[in-house]
Amino acid sequence: MNPDPDKTRTANRHETGGLPAIEEHDLPQGRHQFHKERLMSQIHDDRSAAAARTPRNPFLRKAILLPAATVLAGALAVGVLVLTPGDTQHPLDRATGPVLTTTLGAVDAKGAPLLLDRISLAAAGAEAPNARAGQYIYIETRAANTHVKTIGDKSTLVSDPLHTRRSWRSPDGLKGWLIEPGNTGPEGITLEGRDEQGNVPTPHLGAPSHDYLATLPTDPDALLRKIYEETEGQGNGKDQQAFTTIGDLLVESWPTPKLTAALYRAAAKIPGVVTVDSATDAAGRKGVAVARLDETSGQRTEWIFDSRTFTFLGERTVQVKGDAGEGGLIKPGTVVFTHAVMVRAFVDDIKVVP
C-alpha cells in the first residue's frame, strides 16, 4: 500500500430506517455495529445451511445470536461505523526491537472463493447510511510502516510509530482535508486543488470520489473487467494490480453495500488469491485474511476480516518471500505497512469528528 495522501484507498455501515422509540440503555461506544454484524453472520449461516448445506470454512467460528433489543439499540447509530480495538496487548505482533514483525499465518490456496462468498453476503446485507447535502465522508484509520532509512553510507530498518490518520472528503471529491502525523502538520493539509496541468482532477479508480463509486458496475465480471482495463500497465502485473486497487477502495473510501459485495466477488475471480488463517491489524484485532503474494517483491497483501462477523478490519503488507529493501534488510515476517479502519461517518464539516 502507498500512504500517499493524494491516493485514496473500507467496510460496512448503518442507518436507522425510521425505528420506533424504545427504552434502552446505551451500549458502550462502538459495540452497536459489532452486535448487529454478529446477528447478520448468524442469519447468513442459518440460510446457507438450510439452502445449500455448504461446508463451513474451518477458519470461521459460529456467531452468537443476540437479543433483538440489543440489535435495535445498535441501529440508533446513524451513518456511523465504529470498530473497537481488540486485544491490544501486542497490537502489532511486534518483536523485540524497532521493527514491525509478525508470524506468518497458514495459507489455503483454495479457500478464497468460499470465504469471499461469505464476506460478500455479509457486506450486501449491511445498511447504507444516508448523507445530507453538504456533508463530508470522515474516515479514521490507524497506520504504521517499516522502511529502510539511510544516513550517509549506513542503512538501517526502522518503523514509523503507530498513528491515527483522519481524512474528510466531499462526495464529489473536490474538497477535503487530511491530518496525519508524519505526513502533515498538527492542523493538517487541504486535499482541494488542481492537478499539475491546472485542471480539476477527474475521479478514477486510483483516486475515487464517493460520487464516482456510485457509477461503477455492481456485476462482478463487469467490475473486474473495468479494473483490469483502467489499471493496465500499472504495478507488478495485472492480477496483482487489480487486487491492490480493490484493497485501496476498501480501506479509504466508503462504497455502497452492493458495490462492496461486488468488489469481494470480483476479487474471488483474480488468480492467485488465497486465504490466511490468522492476521492482526494495526489496532491489534485478530482475524482471518484474504491475500495475494506479489511474486516480484515477495510481499503479501492481506485484507483482514473479523472471523465471526466478516467485517473488514484493515489491510497490511508483509514480506513473506526473500529479502527486500536496500541491502536486503527487509526480512520475511516484516510488516511493511499496516492500516486499520476505525471509524467511517458522515459529518457536517471539515475537521468535525463524530
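**Helix packing, cores and strand pairing**

In helix H3, the residues Leu116, Asp117, Ile119, Ser120, Leu121, Ala123 and Ala124 meet Pro257, Thr260, Ala261, Tyr264, Arg265 and Ala267 of helix H7. In this predicted model, the two helices H3 and H7 pack with their axes 8 Å apart and at an angle of about 175°, which means that H3 is roughly antiparallel to H7. Helix H7 also packs against helix H5, here at an angle of about 75° and again with axes 8 Å apart. Because angles of 65 to 115 degrees count as roughly perpendicular, H5 is described as roughly perpendicular to H7. On the H5 side this contact is made by Pro220, Leu223 and Leu224, and on the H7 side by Leu259, Ala262, Leu263, Arg265 and Ala266.

The largest nonpolar core holds 35 residues, of which Ile246, Val290 and Trp303 touch the most other members. At least two residues of this core are supplied by each of the helices H3 (112-124), H4 (210-213), H5 (220-230), H6 (238-252) and H7 (257-267), and likewise by each of the strands S8 (286-294) and S9 (299-305). Helix H7 provides the largest share of the core, namely seven residues. When residues up to four places away in sequence are not counted, Ile246 touches Ile227, Leu263, Ala266, Ala267, Ile270 and Trp303. Apart from this core there is a second, separate one of twelve residues, which includes Trp168, Ile179, Ala282 and Val347.

Helix H6 is largely enclosed by the rest of the structure, because 13 of its 15 residues are buried. The length of H6 was also examined: at 1.5 Å a residue its 15 residues should span 21 Å, and the C-alpha atoms at its ends are 22 Å apart, which agrees.

Turning to the strands, S3 (residues 136-151) is joined by ten bridges to S11 (residues 335-347), and these two strands run antiparallel. Within this pairing, Ile137 stands opposite Phe346 of S11. Strand S3 pairs in the antiparallel sense with S4 (residues 154-169) as well, over 14 bridges, and Tyr138 has Trp168 in S4 as its bridge partner. Trp168 is also among the residues of the second core. Strands S3 and S4 form a hairpin with two residues between them, and in the turn Gly152 has a positive phi of about 65°.

How values were computed. Residues numbered from 1 in each chain as written. Predicted model: local features only at pLDDT ≥ 70, side-chain atom pairs only at ≥ 80, totals over all residues. Heavy atoms only, no water. Core = buried A, V, L, I, M, F, W, Y, C linked by side-chain atoms within 4.5 Å. Buried < 20%, exposed > 50% of the residue type's maximum accessible area, 1.4 Å probe, protein only. Helix = DSSP H or I, 4+ residues; strand = E, 2+ residues; numbered from the N terminus. Contact = heavy atoms within 4.5 Å. Expected span 1.5 Å × (residues − 1). Pairing = 2+ DSSP bridges. Axes fitted to C-alpha atoms, helices over the stretch in contact; angles between N-to-C directions. Parallel < 35°, antiparallel > 145°, perpendicular 65-115°, else oblique.
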